[in-house]
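Try each one on your own before reading the solution.

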4 protein chains.
Amino acid sequence: MPRTFQHTIRVPYAHTDQMGFVYYAHYLMYFEMARAELLREVGLPYTEMEQKGVMLPVVEAHCEYKQPARFDDALVVHTHCREIRKARLHLDYEIKRDEELIVTGYTHHVCMDRNGNVMRPIPELSALIEGDPL
Amino acid sequence: MPRTFQHTIRVPYAHTDQMGFVYYAHYLMYFEMARAELLREVGLPYTEMEQKGVMLPVVEAHCEYKQPARFDDALVVHTHCREIRKARLHLDYEIKRDEELIVTGYTHHVCMDRNGNVMRPIPELSALIEGDPL
Amino acid sequence: MPRTFQHTIRVPYAHTDQMGFVYYAHYLMYFEMARAELLREVGLPYTEMEQKGVMLPVVEAHCEYKQPARFDDALVVHTHCREIRKARLHLDYEIKRDEELIVTGYTHHVCMDRNGNVMRPIPELSALIEGDPL
Amino acid sequence: MPRTFQHTIRVPYAHTDQMGFVYYAHYLMYFEMARAELLREVGLPYTEMEQKGVMLPVVEAHCEYKQPARFDDALVVHTHCREIRKARLHLDYEIKRDEELIVTGYTHHVCMDRNGNVMRPIPELSALIEGDPL
């Protein structure tokens, strides 16, 4: 059973647009911030992975916008790793304000070495699935 | 046959990340910039639409990352309107650097009035499909 | 004696550039995020001020870059209100990573009403100077 | 007599905030976009400079906000190099919408080599002052 990680983001004024809502591209950054915390929590901080020569570039990203978020909202990003298959990592996201669903989405990543070659996911990544913090 | 519109964007330093590539969220902004130009070209500048009380918030967005883009690249966003159905507008995008495909994606929009109610697309929007600049 | 407020920001990947450093414009956003927390702490959340018709647009901003910050750094923004004079509010900032100074800067704001007219700072703002949370 | 360079930027929706104005940090990015064009115009594209191992990190930045800019405005950034002294480059900016002044500001840069050591400005940079495109 995949664990779900939570990370809270306070919406800055910078991210609102003239409709008074969070501009749609920023949610991809909220996904990234939640991803970084998730990797830290399972003992694989992204900086350490990059130092070891493992990168996880995004190959696909998707967002569905359910309700607008506003300045100063405390948004909770719920992240879980759906699967790790071959060189690919699939992450699912739900962004909520209290119980209200704001955005759902996913990102797909490949494991790449320093030279840009696709590689097998390092075994430590399985902690994302099993949810056993190292 | 839907017309395809082109809009060129020069990648600023601000949009690169520490891998040396354009950060993945910025492509959604490139889609938006191309959308604005497309609407202007068919005689429906977005500012005028908003003044008339018609808004086109994004309800879904999708990106596939084929090749990384870099600082100072001149990226061409090719946009076309796949369909207008009920209250929805579907736009497809291809971002290229010369002949090389960098990113593909789409956005779905709904037509909304000032009070946040979904409304029928205004007839002028059909210019996007027919490609007849007004 | 003006109180100093502290707010911690974790640098997202999105904010790095191809030198591997935080891009220079983002520090202005870190200033804003710290400002919002400071106003909340003294009992004047910015959303409430805007609802009362008081806005604090920036009229001047300044940054000096001492050391680069990097992805995943935990930056602490130290903010204090230097003075409130006539319609103006002066805020000073220091951004540190542990004991190391990364950026210093300031912002000047004017108090404006909904119609864009300059107004006297509301008395509650003096809490910024006296440091007495309401 | 220093030449003034001009570069036009169309304000994207992404850059507006809930007041309906361009968020204050984005002007630093407009300065950067104008800088990149200026360097290209004098025959020193920034990518080539970096490939030669010359970098121009910003050590100081300043903005004064005169009038708000809005979505879809065509802003013209007027840039000129005030001086090159020792390792430092001083650039001044004025951003206008037609004849109206929106923002003024400056950036100071140092010349650095790949190892982060300050170096003398490369002679080619004097083209910025003399305004003789190479």
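**Exercise 1.** Find how many bridges join strand S4 of chain A to S5(A), and in which direction the strands run.

*Solution.* Start with S4, residues 88-97 of chain A: in this predicted model, 10 bridges join S4 to S5(A), and the two strands run antiparallel. Next, pick out one pair: A:Glu94 has A:Thr104 as its bridge partner in S5(A). Finally, look at the connection. S4(A) and S5(A) form a hairpin with two residues between them, and in the turn A:Asp98 has a positive phi of about 50°.

**Exercise 2.** Which residue in S5(A) stands opposite A:Glu60?

*Solution.* First locate the strands: S2 of chain A covers residues 58-65, and S5 of chain A covers residues 100-110. Seven bridges join S2 to S5, again in an antiparallel arrangement. Now follow A:Glu60 across to S5(A), where A:His108 stands opposite.

**Exercise 3.** Work out how chain D is related to chain A, and through which surface the copies meet.

*Solution.* Then turn to the contacts, taking C-beta atoms within 7 Å as the cut-off: nine residues of chain D are in contact with nine residues of chain A. On the side of chain D that touches chain A, five residues are nonpolar, three are polar and one is charged.

Definitions and conventions. Residues numbered from 1 in each chain as written. Chains lettered and ligands numbered in written order. Predicted model: local features only at pLDDT ≥ 70, side-chain atom pairs only at ≥ 80, totals over all residues. Least-squares fit on C-alpha atoms with pLDDT ≥ 70 in both. Contact = placed C-beta atoms within 7 Å. Pairing = 2+ DSSP bridges. Helix = DSSP H or I, 4+ residues; strand = E, 2+ residues; numbered from the N terminus. Nonpolar A, V, L, I, M, F, W, Y, C, P; charged D, E, K, R; others polar.
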